[in-house]
Amino acid sequence: MHDTPPSFELLPGAAESPVILHVPHAARAIPAGVRAGIVLDDAALERELDHITDAYTDRIAEAAAELAGLTPWRFVNRLSRLVVDPERFPDEREEMLAVGMGAVYTRTTHREVLRPADTDPQPLIERYFRPYAEAMTKAVADRLAATGRAVIIDVHSYPGAALPYELHGWGPRPPVCLGTDSFHTPPELTGLARAAFARCGGTGLDSPFSGAYVPLEFYGEDARVGALMVEIRRDTYMTEPGGPAGPGLDRLAGALAALVDGLGR
């Protein structure tokens, strides 16, 4: 049992909708106890949050849900990914460990020290990562039980210019990058997304980021769970880094709503 409120929120959609809009990286909040383990001073931490946060992606998902004909479910992280990153593998399978960015980050976007290298990640994993994963697993299971399928659309953003932490930052940086998984992303899903986001300047596949999030219970096991990562280049809808949103936000929300509607048919 956990004696403090959950750090995430499941916002209900239509009972018959298979779609979950997953928003893991939009928040900047860091609990005081977690902040104490971060070595950056306040100004440096704010700069890091400007770079690492997928700003306004929660607003894009919210607006898309309001526009969609069949309201999708939304699973939203209310804490910064500097607390834990719920999309990382919590063990040695995670390639981002190479740059100090496993489930618990020890390095910043510019490869500077965020936490001491000998930080034990397990307390944060137990307190924040595992409850999140359990709740997301239940949300997917509930969609499967209700509709016979589940489609996870990960809503992310990424900077216009590569940051030093990126392992694959040399490739194309399209307005919308679609991250796919060989098992969980059928061609029909990719096609719907390409069509929906064509109005937003075009799409590319798996560059500079690839893959799609699926809870481990279903990952590589249950083809009824579809998944796609939508990575939106930040300069298409906001001033970087950490600045205000612009009119591109509404256009992107409309495109995401079109994708949701296509999946609900």
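Predicted model: local features only at pLDDT ≥ 70, side-chain atom pairs only at ≥ 80, totals over all residues.
Contact here means heavy atoms within 4.5 Å. Leaving aside neighbours within four places in sequence, the contacts of Thr190 are Leu178, Thr180, Thr185 and Leu205. Buried means under 20% relative accessible area, and Thr190, with a relative accessibility of 12%, therefore counts as buried.

Helix H5 spans residues 187–197, and its axis comes within 8 Å of the axis of H6, the two crossing at roughly 145 degrees. This crossing of H5 and H6 is right-handed. On the H5 side, the contact is made by Leu189, Leu192, Ala193, Ala196 and Phe197. On the H6 side, the partners are Leu252, Ala255, Leu256, Ala258, Leu259, Gly262 and Leu263. Sorted by class, the contact of H5 with H6 holds eleven nonpolar residues and one polar residue, with no charged residues.

Helix H6 also meets helix H3. Here H3 covers residues 57–67 and H6 covers residues 248–263; their axes come within 8 Å and cross at roughly 55 degrees. That angle makes H3 oblique to H6. The crossing of H3 with H6 is right-handed. Arg59, Ile60, Ala61, Ala63, Ala64 and Leu67 are the H3 residues at this contact, and they meet Leu249, Leu252, Ala253, Gly254, Leu256 and Ala257 of H6. By class, the contact of H3 with H6 has ten nonpolar residues, one polar residue and one charged residue.

Tyr56 lies in the loop between H2 and H3. The phi of Tyr56 is near 70 degrees, a positive value in a residue other than glycine. With 21% relative accessibility, Tyr56 counts as partly exposed. Arg111 likewise is not a glycine, yet has a positive phi of about 65 degrees. Arg111 is placed in the loop between strand E3 (73–77) and helix H4 (122–147). The relative accessible area of Arg111 is 41%, and this residue is therefore partly exposed.

The bond from Ser207 to Pro208 is cis, with omega near 10 degrees, and Pro208 sits in the loop between strand E6 (203–205) and strand E7 (225–233). The bond from Glu240 to Pro241 is also cis, with omega near -20 degrees. Pro241 is found in the loop between E7 and H6, which leads back to the helix whose axis comes within 8 Å of that of H3 and of that of H5.

Note on methods: Residues numbered from 1 in each chain as written. Heavy atoms only, no water. Axes fitted to C-alpha atoms, helices over the stretch in contact; angles between N-to-C directions. Helix = DSSP H or I, 4+ residues; strand = E, 2+ residues; numbered from the N terminus. Parallel < 35°, antiparallel > 145°, perpendicular 65-115°, else oblique. Left-handed = near helix turned anticlockwise from the far one by under 90°. Nonpolar A, V, L, I, M, F, W, Y, C, P; charged D, E, K, R; others polar. Buried < 20%, exposed > 50% of the residue type's maximum accessible area, 1.4 Å probe, protein only.
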